[in-house]
2 protein chains.
Amino acid sequence: MTFRASIDIMPLPALLDPQGKAVSSNMHNIGLASISNVRIGKHITLEVEAADQASAEAQVKEACEKLLANQIMEAFTFTMEAVETVA
Amino acid sequence: MTFRASIDIMPLPALLDPQGKAVSSNMHNIGLASISNVRIGKHITLEVEAADQASAEAQVKEACEKLLANQIMEAFTFTMEAVETVA
């Protein structure tokens with residue numbers, strides 16, 4: 001079965017997010033002063049072939065830990081759904 | 001009221017995503033060969049002060065169009081929820 005995972009990788013809440021701070025400041029300059037607390041991370045989608053959802057989740061978790069996220073600075077969450085296989 | 005928006009900005013499906021392709025290749029090298037079709041975009045969270053949800057959504061849409069997303073190469077989607085205000 002094919003599963004599609006949707007992963008969000010965000011800077012940890014305790015850390016400064018300079019890119020987000022810069023965007024927050026710029027919101028004011030373009031007249032959107034009511035927007036604040038901008039934080040910027042990564043959104044990753046991928047497909048994984050696995051026998052069942054538990055196995056697919058284990059693989060996505062491993063991919064996040066080994067390659068996608070830097071766990072010293074980032075936290076990841078993901079959702080997963082089965083994809084209809086085209087016969 | 002304060003609303004929290006969660007924005008996903010992804011490269012358009014018609015476009016190549018070199019960063020995603022590179023990660024896909026590397027999945028094989030770390031023993032996760034069943035992962036494919038990796039696409040990498042941005043995930044942005046922000047807070048917006050607005051009278052109601054429609055007004056908050058209009059501001060987030062404007063922020064995406066003016067500052068956050070490059071609509072030639074990227075598409076954005078967002079979800080929004082009201083935040084409990086601390087009295």
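Contact means heavy atoms within 4.5 Å. The model shown here is predicted.

**Exercise 1.** Determine which residues of helix 2 of chain A meet which residues of helix 1 of chain B, and how the two helices are oriented to each other.

*Solution.* 
1. On the side of chain A, the residues of helix 2 are A:Ala63, A:Leu67 and A:Leu68.
2. In helix 1 of chain B, their counterparts are B:Val23, B:Asn26 and B:Met27.
3. The packing angle between helix 2 of chain A and helix 1 of chain B is about 105 degrees, and their axes are 11 Å apart.
4. Angles of 65 to 115 degrees count as roughly perpendicular. Helix 2 of chain A and helix 1 of chain B are therefore roughly perpendicular to each other.

**Exercise 2.** State which residues of helix 1 of chain B are buried, and which are exposed.

*Solution.* 
1. Helix 1 of chain B comprises residues 18-29, twelve residues, and reaches 17 Å from its first C-alpha to its last, close to the 16 Å expected.
2. Buried means under 20% relative accessible area, and exposed means over 50%.
3. In helix 1 of chain B, B:Gly20, B:Val23, B:Ser24 and B:Met27 are buried. They cover an arc of only 105 degrees around the axis, which puts them on the same side of helix 1 of chain B.
4. An α-helix has 3.6 residues a turn, so residues three or four places apart point the same way.
5. B:Pro18, B:Lys21 and B:Asn29, on the other side of helix 1 of chain B, are exposed.
6. The cover over the buried residues of helix 1 of chain B includes helix 2 of chain A together with strand 2 of chain B.

**Exercise 3.** Describe the order of the strands in the six-stranded sheet, and explain why one side of each edge strand has no neighbour in the sheet.

*Solution.* 
1. The sheet is open, its pairing is antiparallel, and its order is 3(A)-1(A)-2(A)-2(B)-1(B)-3(B).
2. Strand 3 of chain A and strand 3 of chain B stand at the edges; each has a single partner strand, so one side of each is left without a neighbour in the sheet.
3. From one strand to the next, the twist averages 20 degrees.
4. Strand 2 of chain A and strand 2 of chain B run antiparallel and are joined by eleven bridges. Here A:Gly41 stands opposite B:His43 in strand 2 of chain B.

Note on methods:
Residues are numbered from 1 along each chain as its sequence is written. Chains are lettered from A and ligands numbered from 1 in the order in which they are written. This is a predicted model: local features need pLDDT of at least 70, side-chain atom pairs count only at pLDDT 80 or more; totals for chains, interfaces and linings use all residues. Side-chain values use heavy atoms; hydrogens and water are left out. Two strands pair if DSSP finds at least two bridges between them. Helices (H or I, at least four residues) and strands (E, at least two) are DSSP runs, numbered from the N terminus. Axes are lines fitted to C-alpha atoms, for helices over the stretch in contact, and angles run from 0 to 180 degrees between N-to-C directions. The expected span of a helix is 1.5 Å times one less than its number of residues. Buried means under 20% relative accessible area, exposed over 50%, partly exposed in between (1.4 Å probe, protein chains only). The arc is that of the directions from the helix axis to the C-beta atoms. Angles under 35 degrees count as roughly parallel, over 145 as roughly antiparallel, 65 to 115 as roughly perpendicular and the rest as oblique.
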